[in-house]
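Reader: Could you take me through one part of this model up close? I'd like the contacts spelled out, with the cut-offs behind your words.

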Amino acid sequence: MAANAKGRGAAGAGGTRERFDHSRWLAPALTVVGVLVIWQLACSVGLVPSYLLPSPVQVVEALATDAGLLAGHAVVTIEEAVVGLVLGVLVGFGVALLMDRFELVYRALDPLITISQTIPTVAIAPLLVLWFGYDLLPKVLLVVLTTFFPVTVALASGFRSVDPDVVDLMRTMNASRWQVFRFAKLPASAGQFFAGLRISATYAVVGAVVAEWLGGFSGLGVYMTRVRKSYSYDKMFAVILLISVLSLLLMGLVGLIQRGCMPWERAERKK
């Protein structure tokens, strides 16, 4: 009897968890479908002129028509975003390490890092183009400037979230500073690091596109500038959709890396 009750309880919990997992993607999917239907109906009955707001069908047609051209521009933007994101993570990791190691560095850099994010990227991009030209370098630098902040803040906060008693215990056991960092601080900050990395992943694509607006020969930002000047708003919406998809894919890749680097999270969820 007890075993049967336990089995029914486990089955009930599994069923509840499964229904919850379905609701996680079903609710937003239905919301998106509803918005698209209302958008299409508003355009079809003439509530909004098509030259101001193209219908979803027109956007999909524009996406299919320029698929090859968009793919070529997308490769350039992805290259800029990925290279800038990797460098931004490395810079953020190094700065966070210095801030954790030296209290004076933390007090000196913490306000400066915050102030750096109050400067609009649109104001920085023309200067980078003026200094470094129209090639890859200024785009990558702008992505680095927009992506290092979430990583730096997340890691600096994560390193400081370690229980001091754990650090003291390891030191009484003659653990080195590297061992304390590896076995205590790094695992404790992993969750916050990946949270910051997901934010940086979205900033990376947007930062690359903003840099391309102000100068360049290829990329989704350059494509957007050209179609905007020709008032091809269906193509504008098509490239916006593509940028959103690329950002979501990059965030999904970060999620996969997180699951691989933090296996203990999956074990805790299964309990």
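Author: Leaving aside neighbours within four places in sequence, T202 is in contact (heavy atoms within 4.5 Å) with S247 and M251. This is a predicted model, so local features need pLDDT of at least 70 and side-chain atom pairs count only at pLDDT 80 or more, while totals for chains, interfaces and linings use all residues. Residues are numbered from 1 along each chain as its sequence is written, and side-chain values use heavy atoms, with hydrogens and water left out.

T202 belongs to helix α8, residues 177–213 (helices are DSSP runs of H or I, at least four residues, numbered from the N terminus). With 22% relative accessibility T202 counts as partly exposed (buried is under 20%, exposed over 50%, partly exposed in between, using a 1.4 Å probe and protein chains only). A polar atom of the T202 side chain lies 2.6 Å from the backbone oxygen of I199. T202 and L249 sit 47 residues apart in sequence, yet their C-alpha atoms are 9.6 Å apart.

Now to another pair of helices. The axes of α9 (220–229) and α10 (233–261) come within 9 Å and cross at roughly 160° (axes are lines fitted to C-alpha atoms over the stretch in contact; angles run from 0 to 180 degrees between N-to-C directions). That makes α9 roughly antiparallel to α10, a label for angles over 145 degrees. On the α9 side, L220, Y223, M224, V227 and R228 meet residues of α10, including K235 and M236.

Y223 and K235 are also what D66 touches, its neighbours within four places aside.

Terms used
Helix = DSSP H or I, 4+ residues; strand = E, 2+ residues; numbered from the N terminus. Parallel < 35°, antiparallel > 145°, perpendicular 65-115°, else oblique. Polar contact = N/O pair within 3.5 Å; in protein donor to acceptor, adjacent residues only side chain to side chain.
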